[in-house]
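The stops below go from the site around the ligand out to the whole chain.

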Amino acid sequence: MNIVVGVTGGIAAYKTVHLVRLLVKAGHEVTVIPTEDALRFVGAPTWESISRNAVTTSVHDDVAKVRHVALGQAADLVIVAPATANTIAKMTAGLADDLLGTTLLATTAPVAIAPAMHTEMWRHPATQANIHTLRERGVNVFGPGDGELTGGDSGPGRMLEPEEIVDAALALLDPQDLAGLRVVVSAGGTREPIDPVRFLGNRSSGRQGVALAAEAAARGADVDLVAANITADVLAEARHPRIRVHAVGTAAQLGHVMTDAAAPADVVIMAAAVADYRPAEPSDQKLTKEAGTLSSIDLVENDDIVAGLAAARPPGQIIVAFAAETLPDADERRERARRKRERKGVDLLAVNLADAEHGFEKADNAVEVIGEGGVVVVAADGSKRRVARAIWDAVQKTRT
Ligand code: CTP
């Protein structure tokens with residue numbers, strides 16, 4: 001993605017160095033356009049080394065390439081951070097007396113600004129009127145936050161943190177192709193109690209399911225995330241106004257919540273790792289070696305939740321199951337996945353290789369999504385978010 005970052009003359013410019021770094025690290029092509037004033041806070045060499053692109057403030061450099069028009073036209077997104085009261089006023093008036101001003105007029109990409117100024121300047125009717133006008137024109141205004149300002153003051157006027165600005169700005173580029181859909185995603189791994197201190201569990205962290213929920217919400221869906229034993233730091237990625245989290249522990253609890261949540265859903269994704277068996281009679285006292293009660297555990301089979309959902313599904317509902325397989329041979333893995341898809345009666349089955357580099361507890365994943373007739377609808381590898389994107393693309397292909 002081509003992203004232009006405009007930097008204007010405020011002390012918060014030092015934080016924008018980190019913002020640019022985050023964008024570059026995420027693989028974006030970033031061009032920084034500081035104003036003359038901004039360079040008094042952070043110099044051009046810093047911007048050039050961090051963005052790996054040339055930096056200029058003037059429309060008179062590189063005239064042959066018509067840089068001010070070219071940058072604006074090539075941009076997929078423009079972020080102005082910090083946006084001072086002066087720059088906000090100039091944007092409102094449509095002034096183009098430097099490279100940033102001309103770029104902002106030449107672009108048709110989404111524009112986001114992160115205001116930073118003293119509270120009095122932010123509250124001034126002139127600034128408020130300008131912000132109102134910019135919002136009406138479709139400019140996205142992120143913040144300002146409330147907090148400590150330079151000079152020891154405190155109040156609204158603080159630039160948001162770079163991470164918040166980056167997340168909100170990149171979300172502007174997400175397609176809203178799942179808007180209006182109700183989806184349910186199960187994630188994590190069930191724990192079947194043996195006694196008060198032990199359980200039968202598995203190594204699923206819940207990361208792939210959480211990424212599926214986050215991706216769906218970002219693309220406009222309304223999401224129920226049924227979370228089996230997921231840690232708070234993993235769940236943090238699912239913080240979104242359109243995601244409701246339901247915490248569960250055992251396969252039986254997961255089954256109940258899924259059955260309720262799935263009834264009105266358009267899409268159900270069963271990414272949780274469910275125990276196939278549970279201890280027949282969990283003990284309410286700790287089992288001990290001394291009493292000789294620990295050496296064997298009787299098991300009973302759990303219901304197959306996804307197969308049950310598939311058998312009782314409302315018309316038009318799409319169901320996706322997962323299978324983590326350890327078979328190293330890709331053809332054999334695919335064959336097993338085809339059989340599993342048929343057996344479960346689901347539309348799509350995402351099969352992933354669980355080995356030392358991929359799958360459980362790892363940041364990366366690699367999946368093939370098997371659809372109607374056993375065909376591979378999509379294949380994806382990389383971050384779990386990337387894989388989530390591909391799985392939702394496969395769902396979309398199946399829906400149409
Ligand atoms: N699943 C389920 N209920 C169970 C077991 C599994 O809903 N009791 C779901 C999982 O969430 C996953 C899919 O079924 O989406 C495949 O799980 P997997 O454990 O690979 O399948 P099994 O039926 O257990 O097959 P096998 O043990 O032969 O690999």
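Helices (H or I, at least four residues) and strands (E, at least two) are DSSP runs, numbered from the N terminus. This is a predicted model, in which local features need pLDDT of at least 70, side-chain atom pairs count only at pLDDT 80 or more, and totals for chains, interfaces and linings use all residues. Residues are numbered from 1 along each chain as its sequence is written, and side-chain values use heavy atoms, with hydrogens and water left out.

Select α12 (305-311), β16 (318-325) and α13 (330-344): each supplies at least two residues of the shell around the ligand. The largest share comes from α13, with four residues.

Next, select the 16 residues around the ligand; the nearest are Ala 272, Val 306, Arg 336, Lys 340 and Lys 344. A residue is near if one of its heavy atoms lies within 4 Å of the molecule. Coloured by type, the shell shows nine nonpolar residues, no polar ones and seven charged. Here Ala, Val, Leu, Ile, Met, Phe, Trp, Tyr, Cys and Pro count as nonpolar, Asp, Glu, Lys and Arg as charged, and the others, Gly among them, as polar.

Now show distances from the ligand's oxygen atoms. A polar side-chain atom of Lys 340 is 2.5 Å from one oxygen atom of the ligand. For Lys 344, a side-chain N or O atom lies 2.7 Å from a ligand oxygen. At Val 306 a polar backbone atom is 2.8 Å from an oxygen atom of the ligand.

Note on methods. Polar contact = N/O pair within 3.5 Å; in protein donor to acceptor, adjacent residues only side chain to side chain.
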